[in-house]
Amino acid sequence: MNIMDFNVKKLAADAGTFLSRAVQFTEEKLGQAEKTELDAHLENLLSKAECTKIWTEKIMKQTEVLLQPNPNARIEEFVYEKLDRKAPSRINNPELLGQYMIDAGTEFGPGTAYGNALIKCGETQKRIGTADRELIQTSALNFLTPLRNFIEGDYKTIAKERKLLQNKRLDLDAAKTRLKKAKAAETRASSEQELRITQSEFDRQAEITRLLLEGISSTHAHHLRCLNDFVEAQMTYYAQCYQYMLDLQKQLGRCFPSNYCNNNQTSVAPAPSASSNVIGSSALTSTSGLVITSPSNLIDLKECSGSRKARVLYDYDAANSSELSLLADEVITVFSVVGMDSDWLMGERGNQKGRVPITYLELLN
């Protein structure tokens, strides 16, 4: 027998087997043929494996969304992974925000209160961006990769053996059907022999499948360890972010006076406005948690024709020649001028004189 004849006979046998399985499957669906049921233990194992696969896929996909919200970036990373190439490094959102803040602060002037605060905030945002990058790398290695390995490795093997078990079960039931239909003694003997073979093959495949499915418990134990690693990575990330923001808050607190702070919350002094006419050392806490200063000293100053000393709360750059530039912590002389906007006072430092915003001042006794 040459190779071509062997291949032709094999193809014919395979076609016959496929047709036999198709007929058996169709008759089972129509209720015209009996079906061998799997034992309860094996059915429970199959159900547990399917449940594990479904929830692992959902958890894995949602974790990817959590770590990388940008769908286009996820697709790009998926393509590079399939090509077995490293995806190009890209700046993340906190790092980008941090860079914008630093650039803005540099242009406004590091010597100004706002510019200095922007630079400090930008540096902190970049640190958070680095921590975010470390969280993604650690979570991908210790959590996502094991889940993906299960879906693309272990479960594919289980699904393959489960499909093979289904085929062996169809072969067994088809053999039972042919035995029932056999009339002649010779035909019955042949059918009985076929039944013994298919029964043996089915039992062997059921045992192989059962052994694989029992490994799901070990998979759960492994995924539990991976979950613990993920939680520790998140804990480290959030602890770092909290510490970064705590340090930033302390740095910003040194930029502003104590009467703008309450319960470790620092409030940036607002730009001059009619609703923000606050000056003086006494403070009142609003229902929103912000701290405002009592206007009583301002009223006294407005009504008095004389001048008072005031401490500058933080730097101020004059917008034009009618204003006076200020340096934090310096003491200047201030007085009111009839007809001047209520947001402003006249400030005097030596021979220099100009308008100054009242929200940048603390009236001294």
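Let's start on the surface, where Ile 54, Trp 55 and Ile 59 form a nonpolar patch with about 290 Å² of accessible area together. Patches of this kind join nonpolar side chains within 5 Å, using residues with over 30% relative accessible area and no salt bridge. The model is predicted, so local features need pLDDT of at least 70 and side-chain atom pairs count only at pLDDT 80 or more, while totals for chains, interfaces and linings use all residues. Residues are numbered from 1 along each chain as its sequence is written, and side-chain values use heavy atoms, without hydrogens and water.

With a relative accessible area of 43%, Ile 59 is partly exposed, a label for values between buried (under 20%) and exposed (over 50%), with a 1.4 Å probe and protein chains only.

Now step to the loop between helix H1 (3–29) and helix H2 (40–67), where you will find Thr 36. Thr 36 counts as buried because its relative accessibility is 16%. Its side chain makes a polar contact of 2.3 Å with that of Asp 173 and another of 3.0 Å with that of Lys 176. Beyond its neighbours within four places in sequence, Thr 36 is in contact (heavy atoms within 4.5 Å) with Arg 169, Leu 172, Asp 173, Lys 176 and Phe 202. A polar contact is a pair of N or O atoms within 3.5 Å, one able to donate a hydrogen and the other to accept it.

Finally, follow helix H7, residues 216–253. Its 38 residues reach 54 Å from first C-alpha to last, close to the 56 Å expected at 1.5 Å a residue. Among its buried residues are Ile 216, Thr 219, His 223, Cys 226 and Phe 230.

Technical notes
Helices (H or I, at least four residues) and strands (E, at least two) are DSSP runs, numbered from the N terminus. The expected span of a helix is 1.5 Å times one less than its number of residues. Patches are made of residues with over 30% relative accessible area and no salt bridge: like charges are joined within 9 Å, nonpolar side chains (Val, Leu, Ile, Met, Phe, Trp, Tyr) within 5 Å. Accessible areas come from the Shrake-Rupley method with a 1.4 Å probe; for residues, only the protein chains shown count as cover. A salt bridge is a side-chain nitrogen of Lys or Arg within 4 Å of a carboxyl oxygen of Asp or Glu.
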